Amino acid sequence: MAAKKAPTKTQLRKVRAELLEERDQLLVQVKGLDVEADVKYWRDGGFDDDPADSGSASFERETAQSLSKHARGILTQIDDAVRRIDNGTYGVCERCGNRIDSDRLEALPYARLCLDCKRHDETGR
Ligand SMILES: [Zn+2]
């Protein structure tokens with residue numbers, strides 16, 4: 001396996017810009033989902049012009065809420081990644097200190113763990 005090199009400044013700048021862009025999109029998404037959850041809440045409260053839909057209204061609301069929560073979680077991770085870019089620790093696994101694969105970072109720019117540690121995490125430490 002080839003040695004993993006630290007990303008160049010140019011690469012970091014690009015990643016940082018992409019992260020900020022994704023962050024903006026997520027913020028819009030979160031806002032939309034919160035509004036949706038709100039609307040569904042009120043619609044759930046009795047006023048419903050689509051009776052066929054009423055049974056699933058609270059389910060939809062919960063879905064919107066959980067999507068919103070998920071998006072917020074990603075937002076936190078993006079903020080974190082931007083901070084790591086700024087302090088020079090971006091792309092380093094938080095657990096083992098090894099460089100995270102560039103393929104992995106490309107797929108998940110805000111990854112905090114290398115693939116090995118992530119797998120370890122998922123299979124239950
Ligand atoms: Zn690791």
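Visitor: Which residues does Arg112 touch, not counting residues up to four places away in sequence?
Guide: This is a predicted model, in which local features need pLDDT of at least 70 and side-chain atom pairs count only at pLDDT 80 or more, while totals for chains, interfaces and linings use all residues. Residues are numbered from 1 along each chain as its sequence is written, and side-chain values use heavy atoms, with hydrogens and water left out. Taking contact to mean heavy atoms within 4.5 Å, and setting aside residues up to four places away in sequence, Arg112 touches Asp80, Arg84, Val92, Cys93, Glu94 and Ile100.

Visitor: Is Arg112 buried, partly exposed or exposed?
Guide: Arg112 lies in the loop between α3 and α4, where helices (H or I, at least four residues) and strands (E, at least two) are DSSP runs numbered from the N terminus. Buried means under 20% relative accessible area, exposed means over 50%, and partly exposed is in between, with a 1.4 Å probe and protein chains only. The relative accessibility of Arg112 is 34%, so Arg112 counts as partly exposed.

Visitor: How far apart are the C-alpha atoms of Asp80 and Arg112?
Guide: Asp80 lies in helix α2 and is buried, with a relative accessible area of 14%. Leaving aside its neighbours within four places in sequence, Asp80 is in contact with Glu94 and Arg112. Although Asp80 and Arg112 are 32 residues apart along the chain, their C-alpha atoms are separated by 9.0 Å.

Visitor: Which elements does the protein chain contain, from the N terminus on?
Guide: The protein chain has four helices and zero strands. Read from the N terminus on, its elements therefore run α-α-α-α.

Visitor: Which residues are the protein donors of the zinc ion?
Guide: Donors are N, O and S atoms within 2.8 Å of the metal (3.2 Å for Na, K and Ca), and water is not among the atoms, so sites may look incomplete. Along the chain, the donors of the zinc ion follow the spacing C-x2-C-x17-C-x2-C. At 2.3 Å from the zinc ion, each through its SG atom, lie Cys93, Cys96, Cys114 and Cys117.

Visitor: What is the arrangement of the four donor atoms around the zinc ion?
Guide: Four donors count as tetrahedral if all angles lie between 85 and 135 degrees; four count as square planar and six as octahedral if opposite donors are over 155 degrees apart and all others between 65 and 115, and anything else is irregular. Around the zinc ion the four donor atoms subtend angles of 105 to 117 degrees, which makes the arrangement tetrahedral.

Visitor: How many residues apart in sequence are the parts that Cys93 and Cys117 tie together?
Guide: Both Cys93 and Cys117 are donors of the zinc ion, and both are buried. Cys93 lies in the loop between α2 (54-87) and α3 (102-107), whereas Cys117 is in helix α4 (residues 115-122), so the pair ties together parts whose separation in sequence, in residues, is 24.

Visitor: Which residues is Ser68 in contact with, leaving aside its neighbours within four places in sequence?
Guide: Ser68 has its place in helix α2, and at 3% relative accessibility Ser68 counts as buried. Beyond its neighbours within four places in sequence, Ser68 is in contact with Val30, Leu33 and Asp34.
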